[in-house]
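I opened a new notebook page for this structure.

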Amino acid sequence: MSSPSFSYGESVLSHLEKVQELPAEVQADIARRVDIYITIARAAKHEALLEQLASSAMEEQAKAIGQGVNTMDPRWAAPAIAEAWCYAKISLSKGYLDRLHAEAIIGAIEAFLSSHPGR
């Protein structure tokens, strides 16, 4: 049986892989949106701001779902990816996810952003 940490990590990484199969312009749009969250998160001096950003991303996802978008739409995909990054960062200190899964999520998301330098 897999751990909740493993299941969450696999879910995030699977979603990110599907995003990377989208047309380049859609991926770039998602990367731009995620980058906004992460830029703010990196400037955060307190973990509470990271938690607020994750919560804001969840609200943005809920709004997108209410508008009937699917999980590959940038309005849902970007905040989902940003939330996962924030959650993984918080997990490094709080232990919500094991360290390896948190680092894998962070690394995969940052690699996705790096593959879109003109975002």
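**Entry 1: the pocket.** I began with the term itself: a pocket is an open set of grid points with protein on both sides within 12 Å along at least five of seven lines. The model I searched is predicted. I looked up the space in the largest pocket and got about 160 Å³.

Which residues line the largest pocket? I listed Tyr-8, Ser-11, Val-12, His-15, Gln-61, Trp-76, Ala-80, Ile-81, Glu-83 and Ala-84. Next I sorted this lining by class. I found six nonpolar residues, three polar and one charged.

Then I asked which helices supply the lining. Helix 1 (4–19) and helix 4 each give at least two residues. Helix 4 has the largest share, with five residues.

**Entry 2: Ala-80.** Ala-80 sits in helix 4, which spans residues 74–94. Is Ala-80 buried or exposed? Its relative accessibility is 13%, so I noted Ala-80 as buried; the cut-off for buried is under 20%.

I checked its contacts next, leaving out residues up to four places away in sequence. Ala-80 touches His-15 and Gln-61. Ala-80 and Ile-38 are 42 residues apart along the chain, and their C-alpha atoms are separated by 12 Å.

**Entry 3: the core.** How many residues does the largest nonpolar core have? I read off 31. Those with the most contacts inside this core are Val-19, Ile-30, Val-34, Trp-85 and Ile-109. Helix 1, helix 2 (24–43), helix 3 (47–66), helix 4 and helix 5 (99–114) each supply at least two of the core residues. Helix 4 gives the largest share here, nine residues.

I followed Val-19 in more detail. Setting aside residues up to four places away in sequence, Val-19 touches Gln-27, Ile-30, Met-72, Ala-77, Ile-81 and Phe-112.

**Entry 4: the whole chain.** I stepped back to the fold. The protein chain has five helices and zero strands. Its radius of gyration is 14 Å, close to the 14 Å that the globule rule gives for 119 residues, so the chain is as compact as a globular protein of that length. The C-alpha atoms fill a box of roughly 35 × 35 × 30 Å along the principal axes.

I looked up burial for the chain too. Of its 119 residues, 40% count as buried. Residues 24 or more positions apart account for 65% of them.

Terms used: Residues are numbered from 1 along each chain as its sequence is written. This is a predicted model: local features need pLDDT of at least 70, side-chain atom pairs count only at pLDDT 80 or more; totals for chains, interfaces and linings use all residues. Side-chain values use heavy atoms; hydrogens and water are left out. Helices (H or I, at least four residues) and strands (E, at least two) are DSSP runs, numbered from the N terminus. Buried means under 20% relative accessible area, exposed over 50%, partly exposed in between (1.4 Å probe, protein chains only). Contact means heavy atoms within 4.5 Å. On a 1 Å grid over the protein atoms alone, a cavity is a set of points where a 1.4 Å probe fits but cannot get out, and a pocket is an open set with protein on both sides within 12 Å along at least five of seven lines; lining residues have an atom within 4 Å of a point. Grid points are joined across faces, edges and corners, and a volume is the space filled by probe spheres set on the points. Ala, Val, Leu, Ile, Met, Phe, Trp, Tyr, Cys and Pro count as nonpolar, Asp, Glu, Lys and Arg as charged, and the others, Gly among them, as polar. A nonpolar core is a set of buried Ala, Val, Leu, Ile, Met, Phe, Trp, Tyr and Cys residues joined through side-chain atoms within 4.5 Å. The radius of gyration is taken over C-alpha atoms; the globule rule is 2.2 Å times the number of residues to the power 0.38.
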